[in-house]
Amino acid sequence: MQTMSTATARRTALAAQGFTDARPAGQVTRQHLNRVLGRTKLLQLDSVNVAVRAHYMPLFSRLGAYSARLLDDAAWNPTAAKPRLLVEYWAHEASLIPVADWPLLRWRMREHGGSWRRRARELLESSPGLVDDVLAAVKDLGPVGAGTLERELGGGIRQGRGPWWNRTETKRVCELLFATGELTTGTRKGFERRYDLPERVLPPEVLAQDPPEDEAIRELVRRSATALGVATETDLRDYYRLGPQQARQAIAELIDGGELEPVAVRGWQHQAYLHSTARTPRRVQGHALLCPFDPVVWERSRAERLFGFRYRIEIYVPEAKREYGYYVFPFLRNGELVARVDLKADRAAKVLRVPGAFTEPGREAGAIAPDLAEALTEMAAWLELDGVEIGERGDQVLTAALRDLTRGDLTRQR
């Protein structure tokens, strides 16, 4: 069995995630978007907007500045000339996945048809007509938000057509039908999900596919392995939130087929698996800020194994007890996670605020500061903010250096 060092595993993982691909020299296009999706396989959705919503950031981390409209159009605003590339579903949590991957999760839709309906049993028993009413209303009105559905089903022009359904009930049923695949997201407005029927969102050839569960699971594990490069069983199943037995069977089959190779990574307690197409560059150059929901760090134990980087999101920790801050971005530099910064986009003041900046143990703040300042300045410009404001928390050498390096009006740099 091949044995590799943690450094080798780290370079392999970063190459698999696209951090050795050259950034576009000019405008970022759909081709570049597809290249990143070929690496990451999906983009996790999250509602927190304190800096930037989670699904936009992995593209910026890998491509640099791009128009958010590129992703919006690919996911929610298709045209005949530019068809939909992405659709929403539960993959690694709520995610945007390639349209072609939707059938790979139909087994989960059937599974949720049991589990989610059991959780909603009391609601469905007390409001037995609500599911049919929601489906009928979406058919008439979609794409449509839960608030509009509630008004249509319970008041206004439809007041005499049925019982009064409140918004909480309507939203719960919409989410149930989304989980079971009977509804999907047609578009979003202000990040509000607008529900629609799958047949109006997805191509007929995609809707017609329904692979057997074992084949779909094997394909999802294959995608996980490609995206991760080298990974433990837990890593492989976490990517699409698969069950242990599902993952183990698929891993065994992929080993038999020569697509996965069991390897040992020094310092890892558990067996690892190397994908046959994974490559290990001699070095990883460049730098990037990573959001808390980037695939490189979303599995916190993997980030600790690969980088020696202990990372926890502190959104729900009382402010006085936070170690680093509310919404902290790890900083990747030359293949290592060397620092972290708490970020807030103050859109009213048009400033990217950095309440805290922290170097990792053993790292040299003076060496990190120029690259981190460049990354912060680039992110501020991308977010159409006019400057970067460095706070007082963290490594005082780093914060002082960042303050000196980020002075100036970003409008001159655009």
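Colleague: Which helices each supply at least two residues of the lining of the largest cavity?
Modeller: This is a predicted model: local features need pLDDT of at least 70, side-chain atom pairs need 80 or more, and totals for chains, interfaces and linings use all residues. A cavity is a set of points on a 1 Å grid over the protein atoms alone where a 1.4 Å probe fits but cannot get out, and lining residues have an atom within 4 Å of a point. Helices are DSSP runs of H or I, at least four residues, numbered from the N terminus. Those asked for are H1, H12 and H15.

Colleague: Which helix gives the most to that lining?
Modeller: Residues are numbered from 1 along each chain, and side-chain values use heavy atoms, without hydrogens or water. Arg-302, Leu-306 and Phe-307 are among the residues that line the largest cavity. With 3 residues, the top contributor is H15.

Colleague: How many residues of the cavity lining are nonpolar?
Modeller: Ala, Val, Leu, Ile, Met, Phe, Trp, Tyr, Cys and Pro count as nonpolar, Asp, Glu, Lys and Arg as charged, the others, Gly among them, as polar. The lining has 1 polar and 1 charged residue. Its nonpolar count is 8.

Colleague: How are H1 and H15 oriented to each other?
Modeller: H1 covers residues 6–16 and H15 residues 300–307; their axes, lines fitted to C-alpha atoms over the stretch in contact, lie 8 Å apart. Their angle is about 125 degrees, on a scale from 0 to 180 between N-to-C directions. Under 35 is roughly parallel, over 145 roughly antiparallel, 65 to 115 roughly perpendicular and the rest oblique. H1 and H15 are therefore oblique.

Colleague: Which H15 residues meet H1?
Modeller: Contact means heavy atoms within 4.5 Å. H1 brings Thr-6, Ala-9, Arg-10, Ala-13 and Leu-14. Their partners in H15 are Arg-302, Arg-305, Leu-306 and Phe-307.

Colleague: How are H12 and H14 oriented to each other?
Modeller: H12 spans residues 213–228 and H14 residues 244–256. Their axes come within 9 Å and cross at roughly 75 degrees. The pair is therefore roughly perpendicular.

Colleague: How many charged residues does the contact of H12 with H14 have?
Modeller: Glu-213, Asp-214, Arg-218 and Arg-222 are among the H12 residues that meet H14, and Glu-253 is one of those in H14. The contact also has 6 nonpolar and 2 polar residues. The charged count is 5.

Colleague: Which element supplies the largest share of the lining of the largest pocket?
Modeller: A pocket is an open set of grid points with protein on both sides within 12 Å along at least five of seven lines. Strands are E runs of at least two residues. S4 (93–98), H9 (167–179) and S6 (192–196) each supply at least two lining residues. The largest share, 3 residues, comes from S6.
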